[in-house]
Amino acid sequence: MDALMLASELAKRPVVTLAGEVVAEVKDTVFDGTAGQITGFTLNGRGLLAGPLKQSLPWSSVHALGRHAVLVPGREALAEPAAVVASGEAAHGAVPGAKVLTDEGVEAGSVLDVVVAPDGRVVGFRISATEAFVHRDHGRHSVFVPRGEALAVSGRALVVPSGASHFVADDLPSFTTQVEIFAARAAASKGSKGTAAGREHL
Amino acid sequence: MMLFSGTKGLPVVTADEAAELGTVEALAVEAPLGLIGHLRLSGGPARKGRAWLPWSLVRAVGPDAVIVRSAAEPVVAEEPDHHEILGSRVLTDRGDEHGTVKDVAFDPATGRIGTVHTTQGNVSGHRLLGLGDYALVIRAE
C-alpha cells in the first residue's frame with residue numbers, strides 16, 4: 001500500500017501543474033457526506049497572491065496526491081468553489097471533533113484527524129480514544145482506527161465497527177499494515193457469505 | 001554526451017563569418033520533448049543584455065566553442081518562457097520530490113537530453129514532462 005497521509009498534513013501542500021508551475025496551495029481538504037472520499041480542496045494563493053483563492057480543486061481534476069505536492073494536469077483544473085464545497089458541505093469541518101461511537105454503543109473517543117490514501121479514499125481516523133476503547137489504563141490515547149466497511153457518519157458522530165478496536169495503531173506506519181489486515185478480513189468474510197448464499201441456491 | 005555545466009561561458013561563433021556573437025549563459029530545455037530549445041547568450045559585442053538563439057541554428061558544440069550557421073540575424077528577439085533547469089527542484093508526477101538537478105547530459109549533435117543528474121540519482125531524458133517555476137516534473141517509475 002502506498003504511503004498514507006493525514007488530512008491535516010495536506011494543508012499548505014503546493015498544487016503544481018505537469019508543466020512544473022505552482023498555481024496554488026491546499027487550504028482545506030473537503031470530504032463527501034460519509035467521509036469516504038476526498039471530494040476536493042479549497043485553496044490559498046502563494047507568494048504575492050497569498051490568502052484564500054476564489055477557485056477550488058475538485059478531486060476529479062487531481063492528477064496525483066503525493067507526499068510533497070498535489071499534481072494537476074494544468075491551470076484549467078482549478079474550478080469554482082461550488083464544485084468542491086457544495087457537495088461536501090455536510091462533512092467539511094464536521095469530521096475533526098466528531099464523537100466516535102462503536103456499533104455497540106460504546107464511546108470510543110473523538111476524531112482528531114483523517115487518514116487518506118493517495119487515491120483519495122479515507123482509510124481511517126486518528127482519534128483521541130477512551131480507555132474503554134483501547135483497553136488500556138493510562139487515560140486518553142491518540143490512536144488510529146480503520147474506516148472499515150460498516151462505518152456511518154451522522155451529524156457530528158462517527159460509528160465504527162467494534163471490531164476495529166483490535167486494529168488500533170499508535171502510529172501511521174503500523175496503521176498502514178493494520179488497514180491491510182482489516183481490509184483482507186472484511187473481503188474474506190464477504191467472500192464466505194457469498195459462498196453460503198450460493199449453497200442455498202443449490 | 002556533454003554536460004550543461006561544461007557549455008557555460010563557451011564562445012558562440014558563426015561558421016560563415018567567424019564572428020563571435022557572445023558566450024553561452026544558459027540552455028533552455030523543452031522538457032516535454034526532451035530537447036534543448038534555445039541557447040541564452042550574454043556579452044555579445046554589438047548587444048547589451050541577453051539574447052536567445054534557437055537550437056536549430058547550432059551546427060556544432062565542441063569543447064571550446066559553439067558554432068552556429070550564420071550571423072544573418074540568428075538571434076530571436078522574443079524571450080522564450082525560460083526556467084533554469086540547473087538547481088531546479090525535481091518532482092515526480094505522483095507528487096513526490098526527487099532532489100534537485102545537479103547537471104544535464106545532452107547529445108551535442110541533436111540537442112537531445114540524455115540524462116538529468118539529480119541529487120537523488122539519474123533520470124532519463126525520456127521521463128521529462130515539464131519545467132516550470134516550481135519544479136522539473138518527471139514521470140514516476
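Trainee: In which loop of chain B is the place of B:Ala18?

Mentor: B:Ala18 sits in the loop between β2 and β3 (20–30) of chain B, where strands (E, at least two residues) and helices (H or I, at least four residues) are DSSP runs numbered from the N terminus. Before we go on, note that this is a predicted model, in which local features need pLDDT of at least 70 and side-chain atom pairs count only at pLDDT 80 or more, while totals for chains, interfaces and linings use all residues. Residues are numbered from 1 along each chain as its sequence is written, chains are lettered from A and ligands numbered from 1 in the order in which they are written, and side-chain values use heavy atoms, with hydrogens and water left out.

Trainee: What is the phi of B:Ala18, and is B:Ala18 buried or exposed?

Mentor: The general idea is that most residues other than glycine have a negative phi. B:Ala18 is not a glycine, yet its phi is positive, at about 55°. B:Ala18 counts as exposed because its relative accessibility is 59%; buried means under 20% relative accessible area, exposed over 50%, and partly exposed in between, with a 1.4 Å probe and protein chains only.

Trainee: How many helices and strands does the secondary structure of chain B come to?

Mentor: Chain B has one helix and 13 strands, and from the N terminus on its elements run β-α-β-β-β-β-β-β-β-β-β-β-β-β. Of the 141 residues in chain B, 52% are buried. Among the contacts in chain B with a separation of 6 or more, 46% are between residues 24 or more positions apart, where contact means heavy atoms within 4.5 Å.

Trainee: In what order do the six strands of the open sheet in chain B stand?

Mentor: As a general idea, strands of a sheet pair through backbone hydrogen bonds, either parallel or antiparallel. In chain B the order is β5-β4-β3-β2-β7-β6, with mixed pairing, and two strands count as paired if DSSP finds at least two bridges between them. At the edges stand β5 (51–54) and β6 (58–61) of chain B, each with a single partner strand, so one side of each has no neighbour in the sheet. Inside this order, three bridges join β2 (residues 11–14) of chain B to β7 (residues 66–68) of chain B, and the two run parallel; B:Thr14 has B:Val68 as its bridge partner in β7(B).

Trainee: Which strands are joined to β8 (residues 89–92) of chain B?

Mentor: Two bridges join β8 to β9 (residues 97–106) of chain B, and these strands run antiparallel, with B:Arg89 opposite B:Thr100 in β9(B). They form a hairpin with four residues between them, and B:Gly95 in the turn has a positive phi of about 90°. Three bridges also join β8(B) to β13 (residues 136–138) of chain B, this time parallel, and B:Leu91 has B:Val137 as its bridge partner there.

Trainee: What is the strand order of the open six-stranded sheet in chain A?

Mentor: The order is β5-β4-β3-β2-β7-β6, again with mixed pairing, and the edge strands are β5 (51–58) and β6 (64–65) of chain A. Three bridges join β2 (residues 14–17) of chain A to β7 (residues 70–72) of chain A in parallel, and A:Val15 has A:Val70 as its bridge partner.

Trainee: How many residues does the largest nonpolar core have?

Mentor: A nonpolar core is a set of buried Ala, Val, Leu, Ile, Met, Phe, Trp, Tyr and Cys residues joined through side-chain atoms within 4.5 Å. The largest one has 38 residues, and A:Val15, A:Phe41 and A:Phe125 are among those with the most contacts inside it. This core draws at least three residues from each of domain 1 (5–88) and domain 2 (99–195) of chain A, with bounds from an automatic or database domain assignment. A second, separate core of 30 residues includes B:Leu41 and B:Ile85.
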